[in-house]
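Please consult the sequence and the structure while reading them.

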Amino acid sequence: MASSTNQLYKKRSNVWNHFTLTNGNMAKCNYCNEKKSFSGGSTGNLLRHIKTKHVTVPLQRSTPQVAEESNSEYLDNPQPSTSTSQSTSAIVHSSITSSSSIIQNKNNYQSSIANFINRPLPLCKSVSIDHQLIKMIVKEYHPFSKVKDKEFRKLLNMLSPNYIIPSRKTVSNSLMPQMNNQSFLAVTAHFIDPDNVTELSSVLLACTSFEESHTADNLASFLKNTVDEWGLSQRITVVVSDNAANIKSAIEKCNWRRLSCFAHDINLIVHCGLDKIETVVTKIKDIVSYFKRSSHALAKA
């Protein structure tokens, strides 16, 4: 009984676009992997998690526009008369017959209440569109911000009105990691060309698939082989990398001087600063979310 109840809610509730059923009465968030209980088949706990923890994720589905059937074909294309001399009674009879036909056809084309029900997009269909969206971004070299493009969102809404277009953060943090990503390692050489000492030159030495474990020993072996292949083992002044422990250890094993990447250091400083004001940022997000969900509050603002 519990299984059938869960399946019923899984089909009808929009929250299952953001959660994955694990086992029993537990569901895992697709964004932060946090597990939540929905005992008794109620999804209120799951919705509350999305609204408080992932306020940028849209919950409401766009309502499809229902096109009303037009009966203009019956009025714009009247049947031509077969005789030029018709009696008044014949004309009246013809008018009554045509009117009855129009009313009957109008009743036949009357929209049912089912046309106005906002049917949720099946989860499998939504996932398929997500995957195709990621393929388009990757293969066509589009930025993640493509999902914010106004005309692109209009196009997706016309093709599938019930599809919830993911945010840029969802694309980068949730959808991309779900793809079968392949690991690559790249080595770039920066040097001063004697023919042009005023500019810094850069050359890509290697960018190859790296299927081995990213241990310090494996990384050190890859770096040494790449440098030896280009005959640069005696010409290395310094190696620049991020602050990951494995790459730092690999460079030390190669006995090279190392400098930390300045851009990566700035990124770490910004993240550390955001952690200090996390409470303020959370309050601001809650305020913005409140006004986005409440048209009454927005009208008073």
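Q: Which residues in helix H7 (residues 168-178) are buried?
A: This is a predicted model, and burial is judged here by relative accessible area, with under 20% counting as buried. By that cut-off, the buried residues of helix H7 are Thr170, Val171, Ser174, Leu175 and Met176.

Q: Against which helix do the buried residues of H7 pack?
A: The buried residues of H7 include Leu175 and Met176. Their packing partner is a helix that spans residues 123-139, namely H5.

Q: What average pLDDT does the protein have?
A: Of the residues, 74% score at least 70. Over residues 1-6, however, the pLDDT is below 50, and this stretch has six contacts beyond near neighbours in sequence. Residues 62-100 also have a pLDDT below 50, with 19 such contacts. The average for the protein is a pLDDT of 77.

Q: Which strands stand at the edges of the open sheet?
A: The sheet has three strands in the order S1-S2-S3, with antiparallel pairing. An edge strand has a single partner strand, so one side of it is left without a neighbour in the sheet. The strands in this position are S1 (19-21) and S3 (35-37).

Q: Which residue in S3 stands opposite Lys28?
A: Strand S2 covers residues 26-29 and is joined to S3 by three bridges. These two strands run antiparallel. Opposite Lys28 stands Lys35.

Q: At about what angle to S3 does helix H2 run?
A: Helix H2 comprises residues 44-53 and lies across S1, S2 and S3. Its angle to S3 is about 140°.

Q: How far apart are the closest N and O atoms of Lys36 and Glu34?
A: Lys36 is partly exposed, with a relative accessible area of 21%, and Glu34 is partly exposed at 32%. The two residues form a salt bridge, for which the nitrogen must be within 4 Å of the carboxyl oxygen. Their closest N and O atoms are separated by 3.2 Å.

Q: In which helix do Glu151 and Lys154 both lie?
A: Glu151 forms a salt bridge with Lys154, with the closest N and O atoms 3.9 Å apart. The two residues are three residues apart, about one turn of the helix. That helix, residues 150-159, is H6.

Q: Which helix holds Lys253, the salt-bridge partner of Asp217?
A: The side chains of Asp217 and Lys253 meet at 3.3 Å, N to O. The pair links distant parts of the chain, 36 residues apart, with Asp217 in helix H8. Lys253 lies in helix H9.

Definitions and conventions:
Residues are numbered from 1 along each chain as its sequence is written. This is a predicted model: local features need pLDDT of at least 70, side-chain atom pairs count only at pLDDT 80 or more; totals for chains, interfaces and linings use all residues. Side-chain values use heavy atoms; hydrogens and water are left out. Buried means under 20% relative accessible area, exposed over 50%, partly exposed in between (1.4 Å probe, protein chains only). Helices (H or I, at least four residues) and strands (E, at least two) are DSSP runs, numbered from the N terminus. Contact means heavy atoms within 4.5 Å. pLDDT is the predictor's confidence in each residue, from 0 to 100. Two strands pair if DSSP finds at least two bridges between them. Axes are lines fitted to C-alpha atoms, for helices over the stretch in contact, and angles run from 0 to 180 degrees between N-to-C directions.
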